[in-house]
Amino acid sequence: MDEGRAPIHGVRCGVRSAIIPAAGRGIRMRPATRTIPKELLPVAAKPMIQHVIEEALASGIQVLCVVLGPGKQALRKHLEEEFPDAPLVYCYQPEPRGLVDAMLHARPYLDDGPFALLVPDNVFRGPLPALAQLLPFADRGLDLCGMIERNAENHSWFGNCGRLGWTEESGRLVRIHRLQDKLPGYFQLKNGRAEWAGFARHIFFPHFFQYAERARRDGRGELDDVPILQQIIRERGMLGYQLEGEGFDVGNPQGYAAANWKFTF
């Protein structure tokens with residue numbers, strides 16, 4: 001956390017708790033992640049998950065639920081040593097069944113209000129933490145997604161997901177009306193033109209878990225977030241916010257290398 005920056009209190013916006021999923025296998029970053037939890041890989045000499053936890057704390061989050069999986073004992077030990085007084089709680093996802101399954105395991109640790117989701121694969125730097133930029137819009141009653149501009153310099157830093165269809169709402173706030181399915185490879189620009197796409201910072205309301213439970217009953221295999229977000233967009237609507245700053249998908253080699261360069265120099 002930046003020692004010179006006062007916390008921005010998420011509690012004032014009703015967002016008191018956050019989920020930080022850290023149970024994934026880190027397949028995109030192998031062989032480095034065969035013996036080291038992906039979330040402990042350093043970005044500018046600091047584990048990627050530490051960047052995200054500091055962001056949540058700087059944004060005033062009061063309870064951070066970290067979802068762990070098999071082989072993540074070193075990750076928990078690091079967090080307990082680095083954040084001995086932080087409001088961290090831990091839950092366990094025994095099998096890698098997707099992001100939404102991880103969120104369902106975290107549900108008992110949340111309150112009944114809106115909550116944040118911060119994915120450690122995505123780190124951010126800007127004038128304010130990414131989550132703090134979203135919080136002022138949490139009182140509008142709609143789920144909210146952070147957005148980052150993908151351009152000729154940075155589009156290969158991101159996996160091929162997050163492409164949105166949207167219309168302007170007010171200033172940097174937009175209304176999302178379409179989310180593309182995940183595709184293999186890295187994010188491809190259309191005709192080489194920059195565009196705003198989703199970034200893994202969200203604020204969700206409790207109805208998210210109704211959709212998640214329905215998906216768990218109806219589906220098999222991994223519980224992916226994209227189909228649920230698409231359904232919420234269709235049935236309830238969703239807002240997006242164009243974040244001021246730089247984001248990096250450090251769960252893939254190109255984004256990881258770029259983040260280490262940018263954070264260092």
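In which loop is T33 found? T33 sits in the loop between β1 (17–22) and β2 (42–43). Strands are DSSP runs of E of at least two residues, and helices are runs of H or I of at least four, numbered from the N terminus. The model is predicted: local features need pLDDT of at least 70, side-chain atom pairs count only at pLDDT 80 or more, and totals for chains, interfaces and linings use all residues. Residues are numbered from 1 along each chain as its sequence is written, and side-chain values use heavy atoms, without hydrogens or water.

T33 is buried, with a relative accessible area of 8% (buried means under 20%, exposed over 50%, partly exposed in between, with a 1.4 Å probe and protein chains only). Leaving aside neighbours within four places in sequence, T33 is in contact (heavy atoms within 4.5 Å) with R25, G26, K38 and L41.

The largest nonpolar core holds 53 residues. Such a core is a set of buried Ala, Val, Leu, Ile, Met, Phe, Trp, Tyr and Cys residues joined through side-chain atoms within 4.5 Å. I53, V66, L79 and L88 touch the most other members. Helix α1 (residues 48–58) gives the most to this core, with six residues. Not counting residues up to four places away in sequence, L79 touches I49, I53, V66, P84, L88 and Y90. Another core, of 34 residues, lies apart from the largest one; L104, A106, F115 and W196 are among its members.
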